[in-house]
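Visitor: Please show me the protein, and let us go through its structure by question and answer.

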Amino acid sequence: MKSKLLALCFLLLGSLCLSACSQSTPSPSDNANQPVTGIKINNFAPDFSLKNLAGQEINLSDFRGSGVIINFWKISCSYCKQEMPFFEAAYLKNKTLPDSIKVLMINITESQSLIEQFMEDNHYTFPVLLDTTGAIGQIYNANYIPITYFINAEGIIKAIKFGAFSSQTDFDNQLDKIY
């Protein structure tokens with residue numbers, strides 16, 4: 001009886017070993033190193049759709065193939081107004097170049113007429129998108145503004161700037177990260 005029990009144990013142990021050896025080792029998924037969608041550096045930027053001042057629907061995904069700067073702002077934010085010349089300069093430098101950096105200034109919850117007057121008074125020409133409900137700002141963690149995302153041509157966030165830029169050099173250093 002003892003020998004039958006011992007033989008059964010060896011048989012069971014042997015079959016477990018064979019079973020374990022015959023299974024393939026899990027290989028890393030082809031997507032294991034792929035970015036995920038989110039608002040962290042090296043994540044795909046979440047897509048969104050907002051209207052511009054002309055009423056046209058603009059999608060972030062429309063700009064794949066070009067680097068994109070997204071800035072969340074309000075007229076009522078003095079720090080936001082302080083950095084506007086840096087965005088205008090980037091917009092003017094790149095607006096006619098194919099596949100160049102695109103500038104998207106997303107205003108959070110202010111009225112279109114107030115924004116239009118502000119743009120006219122300050123001679124700004126960069127595109128403004130209207131986040132009338134603040135929903136896109138919520139997705140992008142724009143609880144404190146200004147906040148700026150630098151996204152490369154593949155749609156991956158390469159830099160995030162919390163707060164205002166202190167100089168053109170500060171702005172350009174972040175901009176260089178999306179090339």
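Predicted model: local features only at pLDDT ≥ 70, side-chain atom pairs only at ≥ 80, totals over all residues.

Visitor: What share of the protein's residues is buried?
Guide: The exposed surface comes to about 10,700 Å², with 57% of it supplied by carbon and sulfur atoms. Buried means under 20% relative accessible area. Of the 179 residues, the buried share is 40%.

Visitor: Among contacts between residues at least 6 apart in sequence, what share joins residues at least 24 apart?
Guide: A contact here means heavy atoms within 4.5 Å. Among the contacts you describe, the share is 64%.

Visitor: Which residues have the most contacts inside the largest nonpolar core?
Guide: In soluble globular proteins, nonpolar side chains tend to be buried together. The largest nonpolar core here has 26 residues. The ones with the most contacts inside it are I69, W73, F126 and F171.

Visitor: Which element gives the most residues to this core?
Guide: Several elements supply at least two residues each, among them β3 (68–73), β4 (102–108), α3 (112–122), β5 (128–131) and α5 (168–175). Helix α2 (78–94) is also one of these suppliers. With 6 residues, the element that gives the most is α2.

Visitor: How many residues does the second core have?
Guide: The second core is separate. L104, L129, I136 and I151 are included in it. Its count is 21 residues.

Visitor: Which residues does W73 contact, leaving aside neighbours within four places in sequence?
Guide: W73 is one of the residues with the most contacts inside the largest core. Its partners include C80, M84, I115, F118, V128 and I145.

Visitor: Where does α2 bend?
Guide: The helix has 17 residues and reaches 26 Å from first C-alpha to last, close to the 24 Å expected. It bends by about 35°, and a proline, P85, follows within four residues of the bend. The bend lies at M84.

Visitor: What covers the buried residues of α2?
Guide: The buried residues in α2 are C80, E83, M84, F86, F87, E88, A90, Y91 and N94. Their cover includes β3, β4, α3, β6 and α5.

Visitor: Is I147 buried or exposed?
Guide: I147 sits in strand β6, residues 147–151. Without counting residues up to four places away in sequence, it touches I70, N71, F72, Y140, N141, A142, I160, K161 and F162. Its C-alpha is separated by 7.4 Å from that of A164, 17 residues apart along the chain. Its relative accessibility is 0%, so I147 counts as buried.

Visitor: Which residue in the turn between β6 and β7 has a positive phi?
Guide: β6 and β7 (residues 157–162) run antiparallel, joined by 5 bridges. F150 stands opposite A159 in β7. The two strands form a hairpin with 5 residues between them. The turn residue with a phi of about 90° is G155.

Visitor: Which contacts does Q174 make, leaving aside neighbours within four places in sequence?
Guide: Q174 is placed in helix α5. Its relative accessibility is 13%, so it counts as buried. Its contacts are F150, A159 and F165.

Visitor: Is the peptide bond from I145 to P146 cis or trans?
Guide: Most residues other than glycine have a negative phi, and most peptide bonds are trans. P146 lies in the loop between α4 (135–139) and β6. Omega from I145 to P146 is near 0°, and the bond is cis.

Visitor: What is the phi of N141?
Guide: N141 is found in the loop between α4 and β6. At 34% relative accessibility, it counts as partly exposed. It is a residue other than glycine with a positive phi, near 55°.

Visitor: Is H123 buried or exposed?
Guide: H123 lies in the loop between α3 and β5. Its phi is also positive, near 60°. Exposed means over 50% relative accessible area. At 66%, H123 counts as exposed.

Conventions:
Residues numbered from 1 in each chain as written. Heavy atoms only, no water. Core = buried A, V, L, I, M, F, W, Y, C linked by side-chain atoms within 4.5 Å. Buried < 20%, exposed > 50% of the residue type's maximum accessible area, 1.4 Å probe, protein only. Pairing = 2+ DSSP bridges. Areas by Shrake-Rupley, 256 points an atom, 1.4 Å probe, with all protein chains shown as cover. Expected span 1.5 Å × (residues − 1). Bend = angle between axes of the 7 residues up to and from the residue.
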